[in-house]
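I opened my notebook for a friendly walk through this fold. Here is what I looked up, entry by entry.

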Amino acid sequence: MSQLKETNATLDFYCDFKKINSNVDAISMKLNQLNYLIGQEDLDGAIRRLWNENPKVFNVMDVLIAVRTADNKKAILSDGSIKLISNFFDDVEGVIEFIHGTGLDEVFKNKQVKNLVDYVFGVETGLDTNARKNRSGHLMEGQVASIFDKAGVEYRQEVYSTEYPELSVLGEDKKRFDFVVKTKGCTYLMEVNFYSGGGSKLNEVARAYSELSPKINDVEGYEFVWITDGIGWKSARNKLEEAFYAIPNVYNLTTIQEFINKIRKEG
């Protein structure tokens with residue numbers, strides 16, 4: 001427990017600007033056309049003119065309120081009916097209702113935004129924070145891969161259990177392992193993760209791996225390995241302790257060297 005690290009985040013963890021730029025570029029032409037609405041006193045008239053010119057430009061307006069079409073977000077109307085945000089862009093009246101209902105009308109009229117491309121860059125930066133949880137897992141995988149590379153350990157990443165008929169004990173579910181390391185005597189199936197914060201997820205993971213490990217270890221020539229780290233485990237210490245005694249191969253970023261030494265001996 002004393003070895004658990006506070007964070008595994010590097011500076012590029014916080015924002016994926018490559019992805020942000022890509023998302024903005026994909027809709028920049030439509031956003032530039034929507035700039036026409038900024039500063040218009042007769043906003044409704046301007047919306048109708050732009051609609052007649054190119055109604056498709058309004059399809060990107062969901063991002064102006066930090067919503068993505070794929071999220072299927074909905075809104076309740078004054079008559080009590082429910083409508084998908086994306087459906088507001090099916091006709092010009094819906095667009096007008098959307099702009100007035102969200103408050104974008106005042107933003108446009110008062111020129112609180114100068115350029116929608118720049119504005120959406122900021123929105124995308126904010127939305128990107130939702131992806132940090134996934135990046136944290138990928139970052140941990142990258143760290144483990146780097147350790148293995150430096151130690152000369154051969155491995156494969158993202159390997160599915162279906163490659164090993166012997167693991168039919170896992171049932172019909174296709175299980176994907178983060179790493180697979182094979183020695184002369186054993187195939188090690190590995191999961192890696194990092195938790196800087198607590199929550200119910202940690203208990204679920206510890207329980208799931210405690211159940212998974214004996215199923216794999218009972219198959220001759222296979223062993224389950226769990227590499228985890230992060231001070232989030234301090235809030236789930238009991239569950240981690242239970243897993244520690246249920247799973248023979250549990251390591252963190254400090255003790256991973258013990259695993260490397262083990263597989264080196266096996267050749």
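What is the order of the five strands in the open sheet? I read β3-β4-β5-β6-β7, with mixed pairing; two strands pair if DSSP finds at least two bridges between them, and strands (E, at least two residues) and helices (H or I, at least four) are DSSP runs numbered from the N terminus.

A note on the source: this is a predicted model, where local features need pLDDT of at least 70, side-chain atom pairs count only at pLDDT 80 or more, and totals for chains, interfaces and linings use all residues. Residues are numbered from 1 along each chain as its sequence is written, and side-chain values use heavy atoms, without hydrogens and water.

Back to the sheet: β3 (156–160) and β7 (250–251) stand at its edges with a single partner strand each, so one side of each has no neighbour in the sheet. I found β6 (residues 222–229) running parallel to β7, joined by two bridges; Trp226 has Val250 in β7 as its bridge partner.

Next I looked up the largest nonpolar core, which has 35 residues. Such a core is a set of buried (under 20% relative accessible area, 1.4 Å probe, protein chains only) Ala, Val, Leu, Ile, Met, Phe, Trp, Tyr and Cys residues joined through side-chain atoms within 4.5 Å. Leu34, Leu37, Phe58, Met61, Ile99 and Phe108 have the most contacts inside it. Apart from this core lies another, of 25 residues, among them Leu167 and Tyr209.

Which residues does Leu34 contact, leaving aside neighbours within four places in sequence? I listed Leu50, Val57, Phe58, Val60, Met61 and Leu116, contact meaning heavy atoms within 4.5 Å.

Note on methods. Buried means under 20% relative accessible area, exposed over 50%, partly exposed in between (1.4 Å probe, protein chains only).
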